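Let's take a walk through this one, starting with a single chain and ending where two chains meet.

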Amino acid sequence: MQYFRKIVHSRLFVIWGITLVALIICLAVTLVLISHSKRIRIVDAPPKLPDAPNPTDVLPAPEQINIFLLNPTSLEITPVKTELRLYPEPTERLRQIVSVLVQETPPDYRNPIPRGTLLNEVYIDSQKTAYLDFSHHLADGHIGGTTAELLTVTAILKTVFDAFPNDIKHVQILIDGRERETLAGHLNLSQPLRF
Amino acid sequence: MWLRPFETILPLLFIVILVFTTHGIAQASTVRFVDGESKTLTDVEFTLHQGIIYFPVETLKIVFDPEMTHPYHHPKKQLTLKTKGKELRLQMGETAVNIDSGKEPLILNSPPRVIQGQPMLPIEFFQKVLPRLDDVEVLYNRTLQRVRIIPKTVWAPETTDDTHEWVIIIDPGHGGEDDFGCKSQNGVTEKDVVLAVGKEIQRLGNQQGLSIRLTRDQDVKKSRIQRVQTTNRNQGQLFLSLHCNASFSPNHKGMRLYINNPNGQLRVKATPIPVFGKKRLNILTQANFLKQSQNFASVLQKELNFLAEDPIVISEFPIITLADVYMPAILLELGYLSNVDDATRLSNPDHIVQVAETIVRAIQIYSVSVNQSANPNGL
């Protein structure tokens, strides 16, 4: 009996007892929380959207535009039709069109824009001059030669003027945000150009 | 039975092939004679004998002197040509040409020969003998099989003193380690081709009494401003920038001439001219020399057409290379390095010499015409 009392009053027994009580309390709290969470009503479907859609979220209808590429048979820069969902805002529209010119080359055509060229930024000023800022690849990746340089510039200008016959009168080509005298050492690109 | 349709088609096919083949042979065995204006005089069928081109004697009547007589003594194999007030005696198989008996005979490398019973003259006869008979120069383009007979008075002035004053700036484009211009598939670079042509122009031009200065005479990088400074400091009468072309299509080929015109096929946005009081500032620009540049371009075009398969085009664009050069200026693209045929031609030293000779002749023709218009009485 005395031995039993000794055990009950020992420190180890007290620690074990406290731990057991703590575990029981934790288990009880967890069970209470689980049962409470089951009581939250789960909505079966998302809330109904308003009937009138937000105008900025509407995708524009597809439009046909021309991008100008080199026809290797006629050796001329010729229009190639492509379909785009164009935004109405002129600057955004210009960005979309020139981006397509930079990126796309349908079969049977040659793109006079050097590979890797990116369109950084576009801007149209109050005098109807469009500023097209390309990445350095347009100049650094150019094959050289007056004809090749002319083909590149002609493709850009024709694409822009065809899409904006009234809104753009001149085009200034920029490289990484700066004016540049020339792409490959022949044509003068230091000022805005038109046909 | 099943062969019956072929019985009619096969002979037709044979005839078509025969016509095409013989047409090809006929085309390959003719030489085109052109005049000083590069207009075709006639296409003459030639005979190739031991690698030498021979023409019938009648060719001389068509291309040189319609009033020429050419009696031929068959047993003696002796040909007598009476033309331009002179009498020439030629013995078939012998290289000596006696012009007006008594004078020293002219010796040819290839003798006139009787071929298929007819007396024939070697192409060398046209090149060496005709300039002795009249005031003409005879040029032969081996690649295109063309012979051009050009009056010497057009480009060789009686007094060469005026042309001594002429300073011509030749600008071989690009240069240096990191600016080789464009490049062909077999590694021919623009900077090397244009330097070779430039040096050859300088060598030949100096021989002709022209003062030719190069903006670079070795493989070094020169900025546009450095080239402009060299050019304007030398106070030249003409500026010719030499380049090689390239395209995104390998089918583009041939030479091209460009003139700087800010209002040409591409137009630069006009910048307002500064005004002081009521006077507009008169700024000297390259555009002041537009008319002279056009004149020089048309002379160069006419001369270079002799070397070109297709007529050379002159285009006017805003050209940065010529923008700040205060004299008549032209950019000449010698051919496309992106085209296999052009690249092969441009790596051929003979072609380089031929192009340089033609350019020097064009400079001489232009300088003579300018001097004549400035001093019409020859005073």
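Predicted model: local features only at pLDDT ≥ 70, side-chain atom pairs only at ≥ 80, totals over all residues.

Residues are numbered from 1 along each chain as its sequence is written, chains are lettered from A in the order in which they are written, and side-chain values use heavy atoms, with hydrogens and water left out.

Chain A has 5 helices and 7 strands, taken as DSSP runs (H or I, at least four residues, for helices; E, at least two, for strands) and numbered from the N terminus. Read from that end, the order is α-α-β-β-α-β-β-α-α-β-β-β. Of its 195 residues, 39% are buried, that is, under 20% relative accessible area with a 1.4 Å probe, protein chains only.

Now for the partner. The contact (heavy atoms within 4.5 Å) takes 33 residues from chain A and 29 from chain B. Together the chains bury about 2,600 Å², meaning accessible area (1.4 Å probe) lost on being put together, summed over both. A:Ile143, A:Thr147 and A:His186 supply 21% of what chain A buries there, more than any other three residues.

There's 1 salt bridge between the chains, the term being a side-chain nitrogen of Lys or Arg within 4 Å of a carboxyl oxygen of Asp or Glu. A:Glu181 pairs with B:Arg224 in a salt bridge, closest N and O atoms 2.8 Å apart. On chain A's side, α5 (146-163) and β7 (193-194) are the elements giving two or more residues, and α5(A) gives the most, with 8 residues.

Conventions:
Buried < 20%, exposed > 50% of the residue type's maximum accessible area, 1.4 Å probe, protein only. Buried area = accessible area lost by both parts, 1.4 Å probe.
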